[in-house]
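User: I am new to this structure and would like to learn how to read some of its features. Could you take me through them one at a time?

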Amino acid sequence: MRLTCDGHVINGVVDTGSQINIVRRDIYEQLIPYPVQPDVSMPIRDANSNQGMLVGYVPSVALQFGVLRTKANLWVSDKLPFKLLLGREWQRENLVSIDERPNGTYLTFKDEDGKIMYEAGVGQEEGRRAAEVKEERVC
């Protein structure tokens, strides 16, 4: 999915299997002008059982998706195959759901009452499910 942070475009992946949000270090250093807490670290194990260490925490980063403004708490990783991974924390905090339909997969963005305010179709990218806008609709 194509997001912007402080005017910089960042391609991110929504991952329902991840509990946290992770940004690759080079992307953080080049495109995210927010202070990092460098002494905050956390061990991590990926889906392939590889172990690693997240080294740095960046709270409350504003990420924009079209007209939608979202926030994410980001962990910094030296080894991430994506530029930005948005996990369940981002989905919960921003009321984002994945909706499977006969005509495709959609990200839905809800208000506090659970009403869908926006939706965007998602497609396949390099064999991985990555959010990219096929159609954006205000509901």
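Analyst: Let us begin with the lining of the largest pocket, whose residues divide into nine nonpolar, seven polar and six charged. In this division Ala, Val, Leu, Ile, Met, Phe, Trp, Tyr, Cys and Pro count as nonpolar, Asp, Glu, Lys and Arg as charged, and the others, Gly among them, as polar. Please keep in mind that this is a predicted model, in which local features need pLDDT of at least 70, side-chain atom pairs count only at pLDDT 80 or more, and totals for chains, interfaces and linings use all residues. Residues are numbered from 1 along each chain as its sequence is written, and side-chain values use heavy atoms, with hydrogens and water left out.

User: Which residues lie nearest the centre of the largest pocket, and which elements give two or more residues to its lining?

Analyst: Rolling a probe the size of a water molecule over the atoms shows where empty space is left. A pocket here is an open set of points on a 1 Å grid where a 1.4 Å probe fits, with protein on both sides within 12 Å along at least five of seven lines, and lining residues have an atom within 4 Å of a point. In this model 22 residues line the largest pocket, and Asp46, Ala47, Lys79, Leu80 and Pro81 lie nearest its centre. Strand S4 (37-45) and strand S5 (51-65) are the elements that give two or more residues to this lining, and S5 provides the largest share, four residues. Strands (E, at least two residues) and helices (H or I, at least four) are DSSP runs, numbered from the N terminus.

User: How many aromatic pairs are there, and how is the pair of Tyr57 and Trp75 arranged?

Analyst: A pair of aromatic rings is described by the distance of the centres and the angle of the planes. Rings of Phe, Tyr and Trp (its six-membered ring) pair if their centres lie within 6.5 Å, and planes under 30 degrees apart count as stacked, over 60 as edge-to-face and the rest as tilted. The count comes to three aromatic pairs; that of Tyr57 and Trp75 is tilted, with 4.8 Å from centre to centre and 55° between the planes. This pair links distant parts of the chain, since Tyr57 is in strand S5 and Trp75 in strand S6 (residues 68-77), 18 residues apart. Ring pairs also join Phe65, Trp90 and Phe109 into a cluster.

User: Are Asn21 and Asn94 buried or exposed?

Analyst: Buried means under 20% relative accessible area, exposed over 50%, and partly exposed in between (1.4 Å probe, protein chains only). Asn21, in strand S3 (residues 21-24), is buried because its relative accessible area is 0%, and Asn94, in the loop between helix H2 (88-93) and strand S8 (96-101), is buried with 16%. Tyr57 and Trp75 are both buried as well.

User: Where does Val9 lie, and which residues is it in contact with?

Analyst: Val9 lies in strand S2 (residues 8-14) and counts as partly exposed because its relative accessibility is 36%. Beyond its neighbours within four places in sequence, Val9 is in contact with Arg2, Leu3, Thr4 and Leu31. Val9 and Gln64 are 55 residues apart in sequence, yet 9.4 Å apart in space, C-alpha to C-alpha.

Technical notes. Contact means heavy atoms within 4.5 Å.
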